[in-house]
Amino acid sequence: MTDISQSGPVLAADGTPLKRSLARALRLQKMRALLLIAPLLLFILLTFILPVADMLYRSVDNRIVQDVLPRTVQALEDWDPASNQLPEEAAFAALAADLKEAANAKTHTKVAKRLNYENPGMASVFRKSGRKIKKWDVENDGPYRERLIDLNKGWGDVELWKTIKTYSGIRTSGYFLNAVDMQLGADGAEMRPENERIYNTMLIRTMRMSLIITFSCILLGYPVAWLLANLPASKANLLLILVLLPFWTSLLVRTSAWKILLQQQGVINDTLVWIGLVDDANRLVLINNELGTIIAMTHILLPFMILPMYSVMQTINPTYMRAAKSMGATDWTAFWRVYFPQSVPGIGAGSILVFILAVGYYITPALVGGTKGTFISNLIAYHISTSGNWGLGAALGAILLAVVLLLYWVYDKIVGIDNVKLG
Amino acid sequence: MKLSKLSALAVTTALCAPSAFAEEMANELTLVSWGGAYENSQHKAYVEPYLAANPDVKITWSQSAAEAVAKIRAMNEAGNVTWDLVDVVASDSMRLCDEGLAEELDHDGILAAAPDGTSATDDFGDLIVSDCFVPQIVYSTTFGYRTDLIDQPDTVCAIFDTEKYPGKRSLQKRPIDNMEWALYCDGVAKDDIYDVLGTDEGVAQALAKLDTIKDDVVWWTAGAETPQLLADGEVVMGSTFNGRLFSAIAEQGQPIGMLWDMQSFDLDGWIIPAGLPADRRARVLDFLKFATDTQRLADQAKYISYGPARASSAPLVGKHADLGIDMAPHMPTDPANASNVHVYDYEWWADNRDDLDAKFQAWLAK
């Protein structure tokens, strides 16, 4: 800054355009700033953006079919699936050649796994044939159609060939369709059968429960933040430690503690039965349902709500409230018309933090949510670490990311992102 | 990813260079298992004696077996496999083997023969369910019940009888076993279960049967949950791995009884991740031969009530190391316990898991 203020007038007197020299100085400053943040930028790029991009690409990646079955894909180009006839002998010959090569390289099971997502049962046709085809001299041993069907009668099923043809592109919409409970049918995308629809339900449930959790956090957190900001420093510090203490405790410990408190033979139910409020035979069901998730997650995310509210409330000048009251406002009017609007940026910041954290939570819902209180992130975790369907997991993750960004945009339109402060 | 693969290759070559001439063995070994009492039994029976004989070797445990398939796949893609020997269940070993992520093994070439000279292949018999798999133990998923809260049930169908056995029950949060038990208790003959389950009507029938107890079920994902829920009195009966129930009953003295009817057998064993450097692979093979011989497998049964996978180990199973009780009657394979068992069809589930999972999860969420 000092550079500019010194050189600016001199240059102007010189007749050199002030604008240019100013721009040069600013450019240098920008370069320096960029260099300073370069390590962080690089770090984020390598450890966050690239892996996320790689993961998201998996939601449409379908190269495996062409990589493993190149000849078959080519041979099926001219085949019309609508004819409901098995493809020509050439397609069977191509498949036999592809399959033998794949079986030796052990890649046939990978393509089998991919196609099995779309047509259950295909995996075993590939696996069983792969085992037998190794002994078969496929170069000059026809007729391929009979021999393949003899190897495994699955190859005589037109549906199987249709699946190969439908999913032969290098990119697929299959995972995304599955992630919104749809599938590619004969006439394009269609809804899955009723008893297989789950992801839309889960997405809506995740959003609804995250909103409930966010509002519970506002309701519980606002008075605490107000107390923190208005008590004398010594008492406020003690209270702040009480807010932060659970923050420093392991997430698993806190969640397990809720389990002990909430279960039917747990502390809360035992106490209620002992007082006589609840009958021993009808203990309250507080866990393994939505309620359990809402209670435990509200508690776990509460500090993320209180801290931004507290730091915003600290900056609110108490004289405004006094001024309002001196002009005849009641306590409530003074609070609602003067204090509350000034604390809104803190509520906004806290709500965004809590909501976005809640949408992606999966450990707590998995432990206390039972079946009705789990989130879509539990299904993503399931597909990534248990079922191995990374493509579907990636598609669900991409949808979740898009929904969060959309909500962020809506929030910006309604409340305004400038209206968010962390202190 | 290309880059990391190349650099891994460079490191591998550098590591292999000295061992190209002599069979040099790495001195570090990373074993992956399930933690808890089970890993402890492996440590006591295999690792401690091995370390006593090979004091230079350093063995590290990792408790990631539950995510083994996903992690090995990720390691393989990154070209950096950090695990040497991984304990997985039978179905996972088939998946890893199918995908080329586990090494195919010549069982007779690398494993010890039985003391009487029976080859390893014959000694393990049918339990070698895939070419990559070296079986260790037979365990079962079966039911425990609170002896003080309900009458003694004598059939697995007690889980569907909420009138005679009121209270909550805990079941594993997956379709495997539960669907089969549901069909069995809905009158389907044991041999027809998988034929029925292969049809849409069969799936609907199984889910309808599970529907009758849906409000009474607590779903678990970790094996330790059912013993805890039983101990707390949260559930009156529940399925879990038989070894967990054994510890709750025999070691902790909880008022829990075993219901062995229609127990579902499964296997646990080792796989070697594909693509290990030569020196690490040599160490793994040396350890594997030792850890899966007849005596070691029999020793493991001193610490946990899982049946040894070798036929030749069975007669050597003795008493519990601390409690001094006979272990044979607590094995899932003991004739008294195995009068009516459910043989879980790995192959069938490998093909149909994705499909049934979708239906099961959708049913759960309703």
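Two residue pairs are in polar contact between domain 1 and domain 2 of chain B, both residues of each pair being at pLDDT 80 or more. The count of salt bridges between these two domains is zero. The model is predicted, and the values below are computed from it.

In chain B, the domain assignment gives each domain in two stretches. Domain 1 covers 2-132 + 272-316, and domain 2 covers 141-265 + 338-365. Their centres, taken over C-alpha atoms, are 31 Å apart. Seven residues of domain 1 of chain B and nine residues of domain 2 of chain B make the contact. Together the two domains bury about 700 Å². Carbon and sulfur atoms carry 57% of that area. Three residues stand out on the side of domain 1 of chain B: Met94(B), Ser305(B) and Tyr306(B) supply 55% of the area that this domain buries against domain 2, more than any other three residues. The side of domain 1 of chain B that touches domain 2 has five nonpolar and two polar residues, and no charged ones.

The contact between chains was examined next. Chain A gives 40 residues to it, and chain B gives 35 residues. The two chains bury about 3,200 Å² between them. Of this area, 45% lies on carbon and sulfur atoms. Four salt bridges are counted between chain A and chain B. Lys106(A) forms a salt bridge with Glu104(B), and the closest N and O atoms of this pair are 2.7 Å apart. Side chains of opposite charge can pair when their charged atoms come close. Polar contacts also cross the interface of chain A and chain B: the rule finds 15 residue pairs, with both residues at pLDDT 80 or more.

Which elements of chain A give two or more residues to the side that touches chain B? They are α6 (108-118), α7 (122-133), α11 (199-230) and α19 (376-387) of chain A. The largest share of this side comes from α19(A), with six residues. By residue type, the side of chain A that touches chain B divides into nine nonpolar, 17 polar and 14 charged residues.

Chain A has its own domain assignment. Domain 1 spans 2-57, domain 2 spans 63-172, and domain 3 spans 199-419. The centres of domain 2 of chain A and domain 3 of chain A, taken over C-alpha atoms, are separated by 52 Å.

Salt bridges number 29 in the structure over all chains. One example lies within chain A. There, the side chains of Arg71(A) and Asp98(A) meet in a salt bridge, at 2.8 Å from N to O. Arg71(A) belongs to helix α4 (residues 70-75) of chain A and Asp98(A) to helix α5 (residues 89-105) of chain A, so the pair ties together parts that are 27 residues apart in sequence.

Just after α20(A), Gly416(A) takes a positive phi of about 95 degrees.

Methods. Residues numbered from 1 in each chain as written. Chains lettered and ligands numbered in written order. Predicted model: local features only at pLDDT ≥ 70, side-chain atom pairs only at ≥ 80, totals over all residues. Heavy atoms only, no water. Helix = DSSP H or I, 4+ residues; strand = E, 2+ residues; numbered from the N terminus. Contact = heavy atoms within 4.5 Å. Buried area = accessible area lost by both parts, 1.4 Å probe. Polar contact = N/O pair within 3.5 Å; in protein donor to acceptor, adjacent residues only side chain to side chain. Nonpolar A, V, L, I, M, F, W, Y, C, P; charged D, E, K, R; others polar. Domains from an automatic or database assignment.
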